[in-house]
Structures are given as structure tokens and as C-alpha cells.
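Subject: Structure handover

Hello,

Here is the structure you asked to have passed on. My notes on its helix packing and its pocket follow below.

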Amino acid sequence: MEIARAQDFLELMERAKRGRLKLYLGFAAGVGKTYRMLEEAHALKKRGIDVVIGFIETHGRPDTAALTVGLESVPTRKIEYRGLVIEEMDVDAVIARGPQVALVDEIAHTNPPGCQNAKRYQDVYQILDAGINVICAFNVQHLESLKDVVERVTGVVIRETVPDTFVKQADQVINVDLTIEDLIDRLRAGKIYKEEKVTWALDHFFRNNNLLTLRELALREVADSVDRVAVNSQQTSNQPRRRANSRVMVCMASSSPNAGGLLRRGSRLAGRLNTDWFAVYVETPHEAPHLIDSEAQRRLIANIEKARELGAEVVRLHGKNPVQTLIDFARSHGVGYVMIGRSHSSGVRYWLRRSVMYEFVAEAEGLDLHIVSFEEEVDD
């Protein structure tokens with residue numbers, strides 16, 4: 001089975017100019033993502049492929065560490081940060097080595113100051129641009145569009161994420177699955193964390209309901225990726241394209257503190273529909289750049305960047321009536337699904353937002369309107 005997967009990826013590599021990307025996706029630490037990556041590396045090496053380790057994190061697991069033996073590792077870069085010496089992937093060294101395939105682990109990792117890129121997934125982009133194929137891994141809770149869902153279900157704050165655009169660029173996404181019972185057994189046996197962390201993990205992230213939800217999310221994500229590949233294959237072979245009015249439009253406000261959550265919902269909907277999506281902001285006369293305060297400008301810029309990371313086409317429109325401007329755009333750009341946010345504000349802001357929603361409902365004939373409720377206004 002491993003050799004068959006290696007052969008599939010080999011065929012993709014031979015057709016590529018830019019590097020090809022393969023992802024191993026898991027639902028929790030310890031399911032075996034890194035192990036499976038290393039197994040595939042050995043299978044590729046047996047077929048004569050030049051494969052190296054760009055960066056692998058074994059987490060002290062003996063079985064995983066044993067699989068690194070016999071594979072070339074590109075020397076890491078040592079960086080001093082807050083009194084500690086940290087080992088990071090040396091992107092320049094990987095590119096200079098010029099292998100056919102590089103293995104890169106922990107894609108959601110944040111690089112310390114002094115690195116070329118802020119995030120490790122950006123390191124992978126750089127390696128791919130150099131024509132090197134990459135096999136990498138991360139857990140589903142680090143997918144940007146799932147951040148809100150995972151935090152709500154598990155109660156754990158997700159501080160490091162990978163944009164959905166990264167996953168959508170993958171040529172292959174492999175789900176590394178394991179039964180909940182087997183994963184818990186591995187945890188109790190000390191195969192995932194050291195003994196002193198096991199009890200804490202069982203009481204927090206590794207609770208049964210958490211793991212069931214994360215496993216389902218991982219399975220859905222891989223299924224969605226298979227659908228994307230199938231649709232892309234149909235389109236390149238002149239098969240009928242998806243219907244024009246299936247696109248998604250997320251309506252952004254200039255100062256909404258909930259825009260991040262709204263954008264993540266939009267990204268997930270577009271992913272399930274396997275369609276394009278827009279993040280649209282209407283600049284009214286009283287919201288010109290020189291009229292809104294610096295905090296609103298900062299938030300708007302951050303939301304625009306977040307939308308792009310999630311794969312949206314960001315559109316800035318001008319109009320006196322935001323609702324009509326948005327609806328006109330939707331009708332002229334094949335939008336079938338419109339998503340707007342609703343928060344529990346009070347006073348004047350409540351009545352203004354309520355009137356906007358009512359106007360949307362009254363005018364959005366032929367469009368599916370999704371009103372996303374937020375319990376309170378908090379920063380993302």
C-alpha cells in the first residue's frame with residue numbers, strides 16, 4: 001500500500017515544473033502522520049528518488065525516530081531566541097541541496113525572529129517555487145477555517161493555523177486515521193507524550209467527544225479535497241463546469257470584530273460546495289479611508305489579509321446603499337450564497353444592523369442568505 005502511494009506521487013512529480021505538494025492530515029497528535037511520511041520516504045528512496053528530510057519532529061517517539069535512520073537530513077539552522085537555541089528548517093540549505101522530494105513536518109509552526117518567513121508553510125511555498133516536491137503533515141485543528149469550531153468544541157485556544165489556500169494547493173491529501181480507542185491506548189502507554197503529561201491530556205484535549213469531532217472534521221476535509229481534485233480534473237478535460245450561480249459572497253463591514261469568524265464560515269461553505277468565493281466590502285461616502293479611524297483601518301486591513309489567506313477574492317465596492325450594492329454585485333458575478341454577520345448589539349447599532357438584515361431579506365430574491373450569529377463582539 002505504501003509503495004502504491006509512492007508510485008502515485010512519483011507520477012505527479014514527473015509532470016511538474018513547480019514542486020508538487022502532498023499532505024498527511026491527522027485529527028490529533030499521535031495518529032501516525034510523521035511515521036507515515038517517513039515510510040513513504042523510504043518507499044520513494046527504494047525507487048531511486050532523491051529524498052531528504054527538511055525538518056522532522058519526532059517528539060521523542062522511538063518508533064518515529066527509528067524511521068529517520070537511512071534518510072539524509074539537511075542540517076537545521078540554529079537560532080537563539082529568548083535565551084534558548086532553537087533548531088529550525090534551513091530553507092536555503094534545502095533549496096541548495098536540490099532534492100527531488102523534501103519532508104517537512106509541523107506545517108502550522110511559527111518561525112522565530114531571524115527566519116526568512118513568519119510561518120513554516122511559507123517555507124514550503126519557497127521550496128515548491130524552487131521546483132522541489134514536498135511531503136508534509138499537520139493536524140486538522142490547525143486549519144484556519146476550522147479554528148472557531150475547534151475552539152468551541154474543545155475549549156482549547158488554537159494559536160497557530162494554516163490557511164485553507166495551502167491545503168487547496170495540495171495535489172494529494174491523505175487522511176491518517178486511527179480509532180479513538182487505539183489512540184487513547186497509545187496515549188496511556190506513553191507513546192505520544194511523556195508520563196507526566198498523560199493525565200492532563202486525557203482531561204483536556206484528548207477527551208472522547210473532542211476526538212470524535214476532530215476525527216469527523218479530518219474525514220470531511222479529506223473528502224472535500226478529493227471532490228476538489230475530481231472537479232478540477234473534469235474542468236481540465238472539457239467536462240461540464242459547475243453551475244455559474246454557485247459562488248459564495250461574504251459581506252465584510254469596515255470595523256466588524258467578528259469578521260474572522262464570518263470569513264472562516266464562508267471558506268468552509270465554499271469548500272463544501274467546491275466553488276469560488278468573494279469577500280466583499282462596500283465603502284460608503286462616510287467610510288472613505290481618510291474618514292474612518294486608525295483602529296477601523298487596522299481591522300479592515302487585517303480582515304482583508306485573512307480573507308486572502310482563506311482563498312477569497314477580495315472586492316472593494318463603492319456605493320451609498322451597501323445592501324443594494326452587494327446584491328447587484330452578487331447578481332452580476334454568479335453568486336448564489338450570501339453570508340452576513342449578526343451580533344447581539346444594543347442601542348443604535350442594533351437597530352442599524354437589524355434594518356440592514358431586513359433589507360437583505362427583502363431584496364435578495366433568488367439568493368440563499370446565510371445570517372451568522374455571534375454571541376458577543378470579541379477580537380479574533
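In this predicted model, helices H11 and H12 pass each other in a right-handed crossing. H11 covers residues 259-273 and H12 covers residues 294-309. Their axes come within 10 Å and cross at roughly 20 degrees. Angles under 35 degrees count as roughly parallel, so H11 is roughly parallel to H12. On the H11 side the contact is made by Ala259, Gly260, Leu263 and Arg264, and on the H12 side by Asn303, Lys306 and Ala307. By class, the contact of H11 with H12 has three nonpolar, two polar and two charged residues.

H8 brings Ile184, Leu187 and Arg188 to the contact, where they meet Val198, Ala201 and Leu202 of H9. This contact divides into five nonpolar residues, one charged and no polar.

The largest pocket holds about 1200 Å³ of space. Its lining has 44 residues, of which Ala29, His59, Glu106, Asn139 and Tyr193 are the closest to the centre. By class, the lining has 18 nonpolar, eleven polar and 15 charged residues. Elements that each supply at least two lining residues are helices H2 (33-46), H3 (62-67) and H9 (195-203), along with strands S5 (84-88) and S7 (133-139).

Regards

Note on methods: Residues numbered from 1 in each chain as written. Predicted model: local features only at pLDDT ≥ 70, side-chain atom pairs only at ≥ 80, totals over all residues. Heavy atoms only, no water. 1 Å grid on protein atoms, 1.4 Å probe; cavity = no way out; pocket = protein on both sides within 12 Å on 5 of 7 lines; lining within 4 Å. Points joined across faces, edges and corners; volume = space filled by probe spheres on them. Helix = DSSP H or I, 4+ residues; strand = E, 2+ residues; numbered from the N terminus. Nonpolar A, V, L, I, M, F, W, Y, C, P; charged D, E, K, R; others polar. Axes fitted to C-alpha atoms, helices over the stretch in contact; angles between N-to-C directions. Parallel < 35°, antiparallel > 145°, perpendicular 65-115°, else oblique. Left-handed = near helix turned anticlockwise from the far one by under 90°. Contact = heavy atoms within 4.5 Å.
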